[in-house]
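Please examine the sequence and the structure before reading the points below.

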Amino acid sequence: LISRAMLEASGNPPIRFRLDVSPLMQSPLVLKAHVSGALASFAIGAFLLAYRKGKRLHRVLGYTWVATMAVTAVSSFFLTGLNGDHFSFIHAISAWMVIILPMGVAAARIVAGLFTFLPGRMMWSIFFGV
C-alpha cells in the first residue's frame, strides 16, 4: 500500500504483472533451452523438496533435475552479453555446476546405499544380524 502511494505520488503508475513470452519465442534456440532448463529445474526442485523422498518418482525426478540443470549450465556457455562478448562471473557458477552435478549423483547414491544398513533394515540383518 505504501509503495503504491509512493509510485502514484511520483507520477509513475503502479507496476502490473504481465506475462509476455513473445521476446523469448523470437530468441535463439540456445536461450530457449537455457530458460526452459532453468524453469524446469526450479519446478522439479521445488517438488522434490516438498514431497516424499525415497520413492521411484523421487529418483526419476531427481535424475530429470540433474539433466535440466546440466542443460541450463551447458547452454549458458553459449550465452554472453552481461560482460560484453566475454564470460561473466555467472559462467563460473555454470562451470562449477558441470563439475558438481556428477559428484552429487554419486554422493546421493552412496548415501542412499548407506541408509540400507540402518538397524531394522534387511541389509542390517544380513550383515550384522546375530
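Which residues lie nearest the centre of the largest pocket? They are His58, Arg59, Ala108, Arg109 and Ala112, among the 23 residues of its lining. This is a predicted model, in which local features need pLDDT of at least 70, side-chain atom pairs count only at pLDDT 80 or more, and totals for chains, interfaces and linings use all residues. Residues are numbered from 1 along each chain as its sequence is written, and side-chain values use heavy atoms, with hydrogens and water left out.

**Pockets**

- The largest pocket has a volume of about 750 Å³. On a 1 Å grid over the protein atoms alone, a pocket is an open set of points where a 1.4 Å probe fits, with protein on both sides within 12 Å along at least five of seven lines, and lining residues have an atom within 4 Å of a point. A volume is the space filled by probe spheres set on the points, which are joined across faces, edges and corners.
- H3, H4 and helix H5 (89-115) each supply at least two lining residues of the largest pocket, and the largest share, 9 residues, comes from H5. Helices are DSSP runs (H or I, at least four residues), numbered from the N terminus.
- The lining of the largest pocket comprises 12 nonpolar, 6 polar and 5 charged residues. Ala, Val, Leu, Ile, Met, Phe, Trp, Tyr, Cys and Pro count as nonpolar, Asp, Glu, Lys and Arg as charged, and the others, Gly among them, as polar.
- The second largest pocket holds about 240 Å³ of space. Of its 17 lining residues, His34, Thr72, Ser76, Ile90 and Ser94 are the closest to its centre.
- In the lining of the second largest pocket there are 7 nonpolar, 10 polar and no charged residues.

**Helix packing**

- Helix H3 (residues 29-50) and helix H4 (residues 56-76) have axes that come within 8 Å and cross at roughly 150 degrees. Axes are lines fitted to C-alpha atoms over the stretch in contact (heavy atoms within 4.5 Å), and angles run from 0 to 180 degrees between N-to-C directions.
- H3 and H4 are therefore roughly antiparallel to each other (an angle over 145 degrees).
- The contact of H3 with H4 involves 12 nonpolar, 11 polar and no charged residues.
- H4 and H5 pack at about 160 degrees, with their axes 8 Å apart; that makes H4 roughly antiparallel to H5.
- By class, the contact of H4 with H5 has 11 nonpolar, 3 polar and 1 charged residues.

Methods. Angles under 35 degrees count as roughly parallel, over 145 as roughly antiparallel, 65 to 115 as roughly perpendicular and the rest as oblique.
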